[in-house]
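Please look over the structure shown below together with its sequence. The briefing that follows takes up a few places in turn, grouped by topic.

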Amino acid sequence: MSALFAVLTDPSSLPLAAVVGIFAACAALVGTAGVWMVTTTDRLADRTGLGEAITGAVFLGIATSLSGTVTSITAAWDGHASLAVSNAVGGIAAQTFFLAIGDMVYRKINLEHAAASATNLLQCALLVALLSLPLVAMVLPPLELWGIHIVSPLLVIGWIAGLRMADEVQRTPPWRAVRTADTKEDVPDEPKGGKTMQVLLIRFAGLALLLGLAGFVIARTGAELAARTGMDETAVGALLTAVATSLPELVTTIAAVRRGALTLAVGGIIGGNTFDVLFLALADTAYRDGSIYHAVGEREIFVIALSILMTAILLLGLLRRERKGFANIGFESAMMGTVYVLGVGVLVWA
């Protein structure tokens, strides 16, 4: 308990082994909570009638992103701009890669074929648009108001508008993907006598709080690891803290695939990624030395471009709907995996 208190107040007072141990413990806690989160969210999707794509984008996407949100806000508040930005956008790249892992787990058919959804297509397009705004901000003059760049509120407005469009598409789809024998439709399957809505919401809120607290500790220990080891903050953010706080997405994706909730698996990743872009707006608000977009450099731009590229590949896969690629893995999964591994290599060795 004393070590945890030290992390919350002054992590520099702890030995390096203790910092690493606390970081790893919180990462494991985040992953464990993610297992419980997917079952709760799947049942909420059935109870509310919102469907797995919307519920995955809103409930699951936001909740599993809470640890990453707190990590970026805490890092920005502590003045670590590179760590805050790379954690936010690095998480998007990592989570998109997790879909490739989910495709490997789902052995029946290409995951993107089976989880065909107009809502997921819209969310992908929204994500590309939102990721483009920070790049625009980085090349524009620092147009700030109270230290907050004008692009930050535009990210929030764009996200809300995108959710409204996704909800309209979910309720009254203007077109539908052609159903095949391998299409896994989102059909409510809440068992009789299941948990009440109130119990599900309380459980959901408790797990979300746990993820948020873990994210705060991960931010503090991650920044301390960067300072102690001399590692670049961008590499720490994009690889260590981003992957650690993204563990719920990996766990929930695999769990959802195994449960047969394929639309939830894909929607949770894409929806979580669109929410993760808002980390940048929140981090910009928390960063008190001006616009956070102008406090970072080329390596952060590279991570944003990497995330846009991987999202575009995913969108192509969702549109093409390849049935069976090599070993039932679609071309998009192979490409996303390759791009991510090469991107990690650039961050580590370049």
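Is leucine 143 buried, partly exposed or exposed? Leucine 143 has a relative accessible area of 42%, and it is therefore partly exposed, since the partly exposed class lies between the 20% limit for buried and the 50% limit for exposed. The model is a predicted one, and the values given here are computed from it.

**The nonpolar surface patch**

- Leucine 143 is found in the loop that runs between helix 6 and strand 1, the strand being residues 144–145.
- A nonpolar patch on the surface is formed by Val136, Val139, Leu140, Leu143, Ile150, Leu154 and Ile157, which together have about 620 Å² of accessible area.
- Two helices, namely helix 6 (118–139) and helix 7 (151–171), each supply at least two residues of this nonpolar patch.

**Threonine 74 in helix 3**

- Threonine 74 lies in helix 3, which covers residues 52–77, and with a relative accessible area of 8% this threonine is buried, because the class of buried residues takes in values under 20%.
- A polar atom of the threonine 74 side chain lies 2.7 Å from the backbone oxygen of valine 70, a distance that falls within the 3.5 Å limit used for a polar contact.
- When neighbours within four places in sequence are left aside, the residues in contact with threonine 74 are Phe216, Ala219 and Arg220.

**Aromatic pairs and an aromatic cluster**

- The structure holds three aromatic pairs.
- In the pair of phenylalanine 275 and phenylalanine 279, the ring centres are 6.2 Å apart and the ring planes stand at 90°, so this pair is edge-to-face, the cut-off for that class being an angle over 60 degrees.
- Phenylalanine 275 counts as buried at 11% relative accessibility, and phenylalanine 279, with a relative accessible area of 3%, is buried as well.
- Trp159 forms one aromatic cluster together with Phe275 and Phe279.

**Glycine 272 in helix 11**

- Glycine 272 has its place in helix 11, which is made up of residues 262–276, and at 0% relative accessibility glycine 272 counts as buried.
- Between glycine 272 and serine 246 the separation is 26 residues in sequence, while in space the distance from C-alpha to C-alpha is 9.7 Å.

Conventions: Residues numbered from 1 in each chain as written. Predicted model: local features only at pLDDT ≥ 70, side-chain atom pairs only at ≥ 80, totals over all residues. Heavy atoms only, no water. Helix = DSSP H or I, 4+ residues; strand = E, 2+ residues; numbered from the N terminus. Buried < 20%, exposed > 50% of the residue type's maximum accessible area, 1.4 Å probe, protein only. Polar contact = N/O pair within 3.5 Å; in protein donor to acceptor, adjacent residues only side chain to side chain. Contact = heavy atoms within 4.5 Å. Patch = residues over 30% accessible without salt bridge, like charges linked within 9 Å, V, L, I, M, F, W, Y side chains within 5 Å. Areas by Shrake-Rupley, 256 points an atom, 1.4 Å probe, with all protein chains shown as cover. Salt bridge = Lys/Arg side-chain N within 4 Å of Asp/Glu carboxyl O. Phe/Tyr/Trp six-rings, centres within 6.5 Å; stacked < 30°, edge-to-face > 60°.
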